[in-house]
Amino acid sequence: MTSQFLLPTKIVTGAGAVSQVAQEAKLFGAGKALIVTDPGLNGTGIPAMVADKLKAGGLAVDIFSEVEADPSIATASKAAEKARSFKADVLVAVGGGSSMDAAKSAALLVASGGYLKDYAGVGKVAKPTLPVIAIPTTAGTGSEVTIFAVMSDPDNNEKFTISSPFIAPRVAILDGELTVKLPPMITACTGMDALTHAVEAYGSSIAQPATDAYAIHAIKMIHANLPVAVHRGDNLAARGNMIQASLLAGIAFNNAFLGLAHAIASPLGGHFHVSHGMANAVMLPYVMEFNLPAAMEKYANIAKALDLGSAGEPARSLAEKAVAAVAQLARDINIPLRLRDIGAKEEVLPLVARDALKSIQLRFNPRLASEQDILALLKKAY
Ligand SMILES: NC(=O)c1ccc[n+]([C@@H]2O[C@H](COP(=O)([O-])OP(=O)(O)OC[C@H]3O[C@@H](n4cnc5c(N)ncnc54)[C@H](O)[C@@H]3O)[C@@H](O)[C@H]2O)c1
Ligand SMILES: [Zn+2]
């Protein structure tokens with residue numbers, strides 16, 4: 001089997017990195033930038049600060065601040081319309097996965113036109129989009145470097161993914177300072193999303209040495225830094241490490257893809273409007289327990305990377321320690337333990353299992369999961 005490793009995005013990192021946004025935009029010959037963000041973040045002044053930096057560099061700037069959580073097809077169309085009427089040369093996404101995915105989708109619509117859902121699936125985008133500069137403010141989805149945009153179709157209670165190298169942002173600018181005001185529960189859930197990316201990419205059936213390297217390092221960094229970022233949000237070192245770790249996890253899953261936790265998180269979001277991070281955070285320990293027999297060596301390596309266990313300890317015992325460490329991390333940062341605590345309804349779980357089975361991510365899960373397996377897992381987590 002052959003592997004490929006894609007990293008189409010230029011990465012600019014470090015304290016104050018956001019100051020380089022105008023310089024990066026001008027490399028595309030841009031004179032007009034449209035910032036794409038959400039209303040909550042807009043209230044923090046972060047998008048206005050980015051706008052000031054773009055203006056100081058000589059660019060004209062407008063702001064689209066209507067992105068909702070799990071952005072819809074309609075929101076992407078509205079953002080694209082604004083980009084067209086403003087004649088934007090570049091979109092600057094400022095926010096979490098929702099703003100970044102909305103910007104990626106809008107940039108696609110501006111360049112290629114049509115109806116967004118027609119691009120759902122793999123490789124349906126035929127040409128480059130308007131350039132996107134992504135500035136993540138959660139740590140996080142990794143969307144700043146991925147070839148995916150996850151969008152919602154509210155009419156069908158469904159999320160869908162557009163997957164194409166053309167929609168990866170051209171530049172990602174990472175500055176942990178932008179995440180300092182992220183509230184503790186969003187920090188916890190988005191951090192667990194990043195951990196789920198790393199664990200699922202590491203255990204993936206198409207993992208390769210390059211993805212393993214990014215994934216295992218991300219797991220170590222998240223384990224060491226997420227509790228600090230949650231409980232002492234103004235700790236800049238922890239914030240900086242988390243945004244780097246989420247980037248590494250993003251690079252890993254961009255190439256090794258994901259697994260059962262993400263297959264389940266998507267319909268949990270669709271049916272119960274649970275956030276993506278929260279859905280993964282609750283499911284990850286249960287999914288790891290399910291996967292353990294098929295991912296024993298990989299999970300044992302996770303335990304070793306976290307300095308758990310002792311020399312000569314059998315792989316199964318080490319792997320169990322890795323699962324327990326993830327469950328303990330979730331408890332330490334106040335993630336609810338059960339699906340019932342996050343608004344799931346027991347009678348809808350069969351529909352969640354049915355929808356999870358359709359996910360392409362199941363192909364990369366280390367252990368084969370049937371609809372019955374998934375339903376049993378959901379009931380256990382309920
Ligand atoms: N494209 C990908 O590769 C990919 C990967 C994983 C998840 N996703 C998608 O990303 C979306 C979730 O993104 P998310 O978890 O980053 O959350 P989000 O973008 O929905 O943001 C969550 C909340 O955090 C607030 N917020 C963001 N940054 C803040 C800051 N610095 N200070 C204060 N508040 C802040 C926002 O206002 C919002 O209310 C989902 O739709 C999910 O499916 C995409
Ligand atoms: Zn995710």
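**View 1. Overall fold of the protein.** Of the 382 residues of the protein, 57% count as buried, a residue being buried if 20 or more other C-beta atoms, placed from the backbone, lie within 10 Å of its own, exposed if 12 or fewer do, and partly exposed in between. This is a predicted model, in which local features need pLDDT of at least 70 and side-chain atom pairs count only at pLDDT 80 or more, while totals for chains, interfaces and linings use all residues. Residues are numbered from 1 along each chain as its sequence is written, and chains are lettered from A and ligands numbered from 1 in the order in which they are written. The secondary structure comes to 14 helices and 9 strands, taken as DSSP runs (H or I of at least four residues for helices, E of at least two for strands) and numbered from the N terminus. The radius of gyration, taken over C-alpha atoms, is 20 Å, close to the 21 Å that the globule rule gives for 382 residues, so the protein is as compact as a globular protein of that length; the rule is 2.2 Å times the number of residues to the power 0.38.

**View 2. The boundary between the domains.** The protein is divided into domain 1 (10-179) and domain 2 (184-381), with bounds from an automatic or database domain assignment. In this pairing, 23 residues of domain 1 are in contact with 25 residues of domain 2, contact requiring C-beta atoms within 7 Å. On the side of domain 1 that touches domain 2, β1 (10-13) and β8 (158-163) are the elements that give two or more residues.

**View 3. The largest nonpolar core.** This core has 137 residues, and L91, A198 and A218 have the most contacts inside it; such a core is a set of buried Ala, Val, Leu, Ile, Met, Phe, Trp, Tyr and Cys residues joined through C-beta atoms within 7 Å. Helix α8 (residues 236-256) provides the largest share of the core, 11 residues. Both domain 1 and domain 2 give residues to the core, so it lies between them. Leaving out residues up to four places away in sequence, A198 touches A215, A218, I219, I222, A249 and A252.

View 4. Of the 31 residues around ligand 1, counted where the C-beta atom lies within 6 Å of the molecule, G40, G96, G97, S98 and T141 come nearest. Helix α5 supplies the largest share of this shell, 4 residues. Both domain 1 and domain 2 give residues to the shell, so ligand 1's shell lies between them.

Technical notes. Contact = placed C-beta atoms within 7 Å.
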